[in-house]
Amino acid sequence: MLETVRYLIGSAGPSGFGSKSTAEDVTEATPDLGSITAIITGTTSGIGAETARVLAKRGARLVLPARSLKAAEETRARITAEFPGAKIIVLPLDLSSLTSVRSFVSRFLSLNLPLNLLINNAGKFSYKRAISEDGIEVTFATNHLGHFLLTKLLLNKMMETATETAIQGRIVNVSSSIHSWFSGDIIHSLDLLTRNKMPYSATRAYALSKLANVLHTKELALRLKEMGANVTVNCLHPGIVRTRLTRDREGFLTDMVFFLVAKLLKTIPQAAATTCYVAVHPRVAGVTGKYFEDCNEMVASKGGCSEVEAARLWRLSEEMISYKERKEDGEKSWFGHLIIY
């Protein structure tokens, strides 16, 4: 009850910020990001667009990957109209396609730019069961696996940049408190979802993918420490906000639900605050493997804190991103090696 009251009134936590803080508020401590190059996924609307706008305001060079180049160009146009000196590059990327992820990384690396910051923000809530071109349930493919591969392929560039510039690299995974709604065996459930062996639940599929974001963060942080890399990774819940994730279900029922929970909703600038805080605030320097809400460190769900499940999901993800090549050698399923773990 006390936590709900603090949320509603926007009471500041240990960081000095709370649920009512905005992205501009939390970046005042870093007014000059001119030395920072950031890749931000999912910037054509909502939280991602506001994150991009505020980081551009602070001077960061932005690379905006998008499935719709037209929408990304519109985002760039809005930002440059407000901040004429903004440095923004738009490149194509469909996170549900592993081939597209690899193509994006190849294009980005060919630009010979540094990379200080990777914000894995894009998200999909699929109301109908769908399978990606790689044979993977599309919510998981977009929200977790595409970002897993993107991060993996960009990691060397981030470590190289951190070494050359002495600026710690940061990876930010935008998850959701909904990750706590998932219970059960994440790999077995994904198998059943993909093979259509269980009734499809959009909420369960989304919760599974958001739990995967938290587990990815936990295992990657451990691996970065073992490598001695000057790169951190953290994840976060941005807050309850009405964004384009609901666009497939606009109408009376959706409007009524959001009207009833209106007092719990954040504005877009407030919802982008935790992302920006974790991405650039000095207080987060050296912090890694943590989960944030309302710009403060919190504890993820029991499932999200499991080192065993984090390592298990990592192995599955590695199998899945390499399956296409192995398939040419006759392998029939990417679950074959992992189900026993």
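**A pocket and a helix pair**

Helix α8 gives the most to the lining of the second largest pocket, with 7 residues. Before going on, this is a predicted model, where local features need pLDDT of at least 70, side-chain atom pairs count only at pLDDT 80 or more, and totals for chains, interfaces and linings use all residues. Residues are numbered from 1 along each chain as its sequence is written, and side-chain values use heavy atoms, with hydrogens and water left out.

The pocket first. On a 1 Å grid over the protein atoms alone, a pocket is an open set of points where a 1.4 Å probe fits, with protein on both sides within 12 Å along at least five of seven lines; lining residues have an atom within 4 Å of a point. The volume here is about 350 Å³, counted as the space filled by probe spheres set on the points. Of 19 lining residues, Lys-218, Ala-221, Thr-288, Gly-289 and Lys-290 are the closest to the centre. Both α8 (202–227) and β8 (296–298) supply at least two lining residues each. By class, the lining has 9 nonpolar, 4 polar and 6 charged residues.

Now the helices. The axes of α3 (residues 46–57) and α11 (residues 273–280) come within 9 Å and cross at roughly 45 degrees. The crossing is right-handed. On the α3 side, Ile-47, Thr-51, Val-54 and Leu-55 make the contact (heavy atoms within 4.5 Å), and on the α11 side Thr-275, Cys-276 and Val-280. Those residues divide into 5 nonpolar, 2 polar and no charged.

Conventions: Axes fitted to C-alpha atoms, helices over the stretch in contact; angles between N-to-C directions. Helix = DSSP H or I, 4+ residues; strand = E, 2+ residues; numbered from the N terminus. Left-handed = near helix turned anticlockwise from the far one by under 90°. Nonpolar A, V, L, I, M, F, W, Y, C, P; charged D, E, K, R; others polar.
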